[in-house]
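Q: Please take a close look at one part of the surface here, and then go on to the pockets and salt bridges. I am new to this structure.

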Amino acid sequence: MEIRERLQKYTVKDDRIAALSFFGTFAVYFLTLYLAVVYREIWFVFIPAGLISAFAAVRLYVLQHDCGHASLFASRKANDLGGYALSVFSMAPYAIMRHNHNMHHSHLGNLDHRETGEIHTMTLREWNEAGFWDRLTYRLYRNPFILIPLGSAFTYFIRYRWPKNASEIGLSGLFWHNVALAVWIGALYLMAGWAGLGVWLFWGFVGGMIGVFLVYLQHNFEDTYWDRRPDLDPRLAALQGSSALDLGWWMDLGSANIAYHDIHHYNARIPSYRLRKAHQEIRDEYDLRTIRWPEALRSFKLKLWDEDQERLVPYPKTRSTSALTPAE
């Protein structure tokens with residue numbers, strides 16, 4: 001409760017900052033996409049412009065995510081309108097994304113509800129009990145050279161065209177979202193032709209890979225948190241089971257501070273433009289865990305949750321018999 005009280009002041013929304021972040025990100029996205037298309041044959045313009053466009057696309061998704069929590073603008077209506085507008089360019093239908101992401105918040109760290117997480121994690125026990133094909137499938141899935149690029153292509157270009165629970169939440173919103181996306185793609189084709197579409201697809205794919213990279217690291221690191229009810233502690237799931245990634249100021253700018261995921265999960269009403277400052281205020285006092293680049297990259301070697309050690313571990317070199325016996 002003390003932490004929640006300390007962070008309460010950061011939940012105040014500022015529509016001026018929100019509007020600057022919203023319209024400023026759109027301006028950067030369109031400008032850099034334009035430069036990447038027009039100067040696609042000049043590599044020293046094409047590459048930096050495309051990279052900035054990719055990060056701007058990540059920011060658009062994070063701002064949409066903020067709208068889903070009603071934490072970007074002061075009013076619910078402004079958040080919903082902003083969320084629907086952003087969804088065309090983030091390629092994620094707003095209402096369905098909002099619902100499924102809120103389910104992720106509700107079941108964070110719950111071993112009995114891993115279906116609500118963005119990245120699936122097996123336990124060591126499940127691994128030892130799994131057959132050859134289940135292990136092979138999981139190995140391929142958790143391989144970063146497959147997970148990041150294929151995850152980007154599948155999630156943003158295929159899965160979001162028909163997300164999970166779509167039929168339960170509302171097909172009309174999904175239909176109109178896909179219509180709006182088709183209009184945007186058609187307009188881009190009329191303005192820039194197939195070359196323009198190719199540039200947009202390529203840098204959108206890169207933006208998707210940045211997004212998958214961040215999503216993986218948000219909950220997959222050595223001393224993250226998983227448990228089962230009734231022992232599951234939502235506060236530990238938020239502050240220990242979500243990462244604080246200190247990957248540099250430029251990365252924070254490009255990802256709208258979503259890397260400070262511990263604070264976001266502890267209080268989702270804090271807007272993205274206040275997350276960094278909120279985390280820094282209480283980091284040392286409450287010994288909040290911070291992950292920097294070396295550990296972030298090493299985290300991709302960790303694949304399984306060991307319920308006995310309460311940590312994420314690599315694949316075992318040999319089949320463990322002890323993991324097959326019930327934990328005391």
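A: Helix H3 provides the largest share of the nonpolar patch, four residues. The model is predicted, so local features need pLDDT of at least 70 and side-chain atom pairs count only at pLDDT 80 or more, while totals for chains, interfaces and linings use all residues. Residues are numbered from 1 along each chain as its sequence is written, and side-chain values use heavy atoms, with hydrogens and water left out.

The patch covers about 920 Å² and consists of Leu31, Tyr34, Val38, Tyr39, Ile42, Trp43, Phe44, Ile47 and Leu51. A patch takes residues with over 30% relative accessible area and no salt bridge; like charges are joined within 9 Å, and nonpolar side chains (Val, Leu, Ile, Met, Phe, Trp, Tyr) within 5 Å. Accessible areas come from the Shrake-Rupley method with a 1.4 Å probe, and for residues only the protein chains shown count as cover. At least two patch residues come from each of helix H2 (15–38) and helix H3 (43–68). Helices (H or I, at least four residues) and strands (E, at least two) are DSSP runs, numbered from the N terminus. Phe44, in helix H3, is exposed, with a relative accessible area of 55%. Buried means under 20%, exposed over 50%, and partly exposed in between (1.4 Å probe, protein chains only).

A pocket is found on a 1 Å grid over the protein atoms alone: it is an open set of points with protein on both sides within 12 Å along at least five of seven lines, and lining residues have an atom within 4 Å of a point. The second largest pocket has a volume of about 610 Å³. Its lining has 23 residues, and Arg59, Asp252, Leu253, Gly254 and Ala256 are the closest to its centre. H2 gives the most to this lining, six residues. Volume here is the space filled by probe spheres set on the grid points, which are joined across faces, edges and corners.

The largest pocket holds about 1,200 Å³ of space. It is lined by 49 residues, with Tyr61, Glu118, Thr155, Tyr156 and Tyr160 closest to its centre. Elements that give two or more residues to this lining include H2, H3 and helix H10 (171–219). H10 gives the most, with 10 residues.

The search of the whole structure also finds 15 salt bridges. Each is a side-chain nitrogen of Lys or Arg within 4 Å of a carboxyl oxygen of Asp or Glu. One of them joins Asp80 and Arg98 (3.1 Å, N to O). Asp80 is in helix H4 and Arg98 in helix H5, 18 residues apart. Arg98 is partly exposed at 23% relative accessible area. Another joins Arg289 and Asp223 (3.0 Å, N to O). Arg289 lies in the loop between H14 and helix H15 (293–298) and Asp223 in the loop between H10 and helix H11 (234–239), so the pair ties together parts that are 66 residues apart in sequence. Arg289 is partly exposed at 31% relative accessibility, and Asp223 is partly exposed at 24%. Finally, a network of salt bridges links Arg6, Lys9, Glu281 and Glu285.

Methods
1 Å grid on protein atoms, 1.4 Å probe; cavity = no way out; pocket = protein on both sides within 12 Å on 5 of 7 lines; lining within 4 Å.
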